[in-house]
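Here are my notes on the model, point by point. Please read them with the coordinates open.

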Amino acid sequence: MHFYKIAGAMILVLSGCAGAWFMNSAASRSLSQTEAFISFLRFVRIQIECFAMPAGEIILRCDRTLLEECGLRGEPLPTTLDELVGRCAVRDSEVGEILRGFASSFGKGYRDEQLRECDYYLGLLCDRRQKMSEELPKKKKLNSTLCICWALALVILFL
């Protein structure tokens, strides 16, 4: 009988550790996705500055791995930025709002206006990335503490 109690306790503790690992991985992936979107906006800015390309051409020229890091899955490639943002599984709601704002205003102005908008939204994304990177260690510590403590509390409750 004691063997089953110990085995159950070990399973609960391992479940708590696994939960902490999954939550910490999700937080890290959210930061990585934000960095990928920053790289994408920098690419868009360069394409506008050098070649004054429309969105469809920019997306076609973009590296496929960068688009996948942004969360784009499936074929065919989107033809507009609205479609791109809509098809990406954006992990952070604030980043999603910034990207929707950028996509909705893209292509509605002249080249210089587009460059200013790219700079503006890049600044917003960089600020968000900075905030996320500052919060990441705290969030990881909190996730780990809560998951493991809940698992240990259940072990104590059940024993």
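1. Start with Asp63. Asp63 is partly exposed, because its relative accessible area is 46%; buried means under 20%, exposed over 50% and partly exposed in between, with a 1.4 Å probe and protein chains only. Asp63 sits in the loop between α2 and α3. Helices here are DSSP runs (H or I, at least four residues), as strands are (E, at least two), numbered from the N terminus.

2. Provenance and conventions. This is a predicted model, in which local features need pLDDT of at least 70 and side-chain atom pairs count only at pLDDT 80 or more, while totals for chains, interfaces and linings use all residues. Residues are numbered from 1 along each chain as its sequence is written, and side-chain values use heavy atoms, with hydrogens and water left out.

3. The core. Which residues of the largest nonpolar core touch the most other members? Phe40 and Leu81 do, in a core of 37 residues. A nonpolar core is a set of buried Ala, Val, Leu, Ile, Met, Phe, Trp, Tyr and Cys residues joined through side-chain atoms within 4.5 Å. Helices α1, α2, α3, α4, α5 (93-105) and α6 (111-158) each supply at least two residues of it. The largest share, 10 residues, comes from α1.

4. Leu81 and Val44. Leaving aside neighbours within four places in sequence, Leu81 is in contact with Phe40, Ala55, Ile59, Phe102, Ala103 and Phe106. Contact means heavy atoms within 4.5 Å. Val44 belongs to helix α1. Val44 counts as buried because its relative accessibility is 1%. With the same exclusion of neighbours within four places in sequence, Val44 is in contact with Ile58, Phe102, Phe106 and Cys118. Val44 and Leu81 are 37 residues apart in sequence, and their C-alpha atoms are 10 Å apart.

5. Leu122. Buried or exposed? Leu122 counts as buried, at 10% relative accessibility. Its helix is α6. Not counting residues up to four places away in sequence, Leu122 touches Ile38, Leu41, Arg42 and Arg45. Phe40 is 82 residues from Leu122 in sequence and 9.7 Å from Leu122 in space, C-alpha to C-alpha.

6. Helix α1 and its pairing with α6. Helix α1 has 50 residues and spans 72 Å from its first C-alpha to its last, close to the 74 Å expected at 1.5 Å a residue. The expected span is 1.5 Å times one less than the number of residues. The axes of α1 and α6 come within 8 Å and cross at roughly 175 degrees. So α1 is roughly antiparallel to α6. Axes are lines fitted to C-alpha atoms, for helices over the stretch in contact, and angles run from 0 to 180 degrees between N-to-C directions. Angles under 35 degrees count as roughly parallel, over 145 as roughly antiparallel, 65 to 115 as roughly perpendicular and the rest as oblique. By class, the contact of α1 with α6 has 28 nonpolar, 10 polar and 9 charged residues. Here Ala, Val, Leu, Ile, Met, Phe, Trp, Tyr, Cys and Pro count as nonpolar, Asp, Glu, Lys and Arg as charged, and the others, Gly among them, as polar.

7. Helix α5. With 13 residues, α5 reaches 19 Å from first C-alpha to last, close to the expected 18 Å. Its buried residues are Val95, Gly96, Ile98, Leu99, Phe102, Ala103 and Ser105. What covers them includes α1, α4 and α6. The α5 and α6 axes come within 10 Å and cross at roughly 175 degrees. The two helices are therefore roughly antiparallel. Among the residues that meet are Val95, Ile98 and Phe102 in α5, and Tyr121, Leu124 and Met132 in α6. That contact has 9 nonpolar, 3 polar and 3 charged residues. Just after α5, Gly107 takes a positive phi of about 85 degrees.

8. Backbone checks. Most residues other than glycine have a negative phi, and most peptide bonds are trans. Two places need a look. Ala52 has a positive phi, near 50 degrees, and lies in the loop between α1 (2-51) and α2 (55-61). A cis peptide bond joins Glu75 and Pro76, with omega about -10 degrees. Pro76 is in the loop between α3 (64-69) and α4 (81-87).
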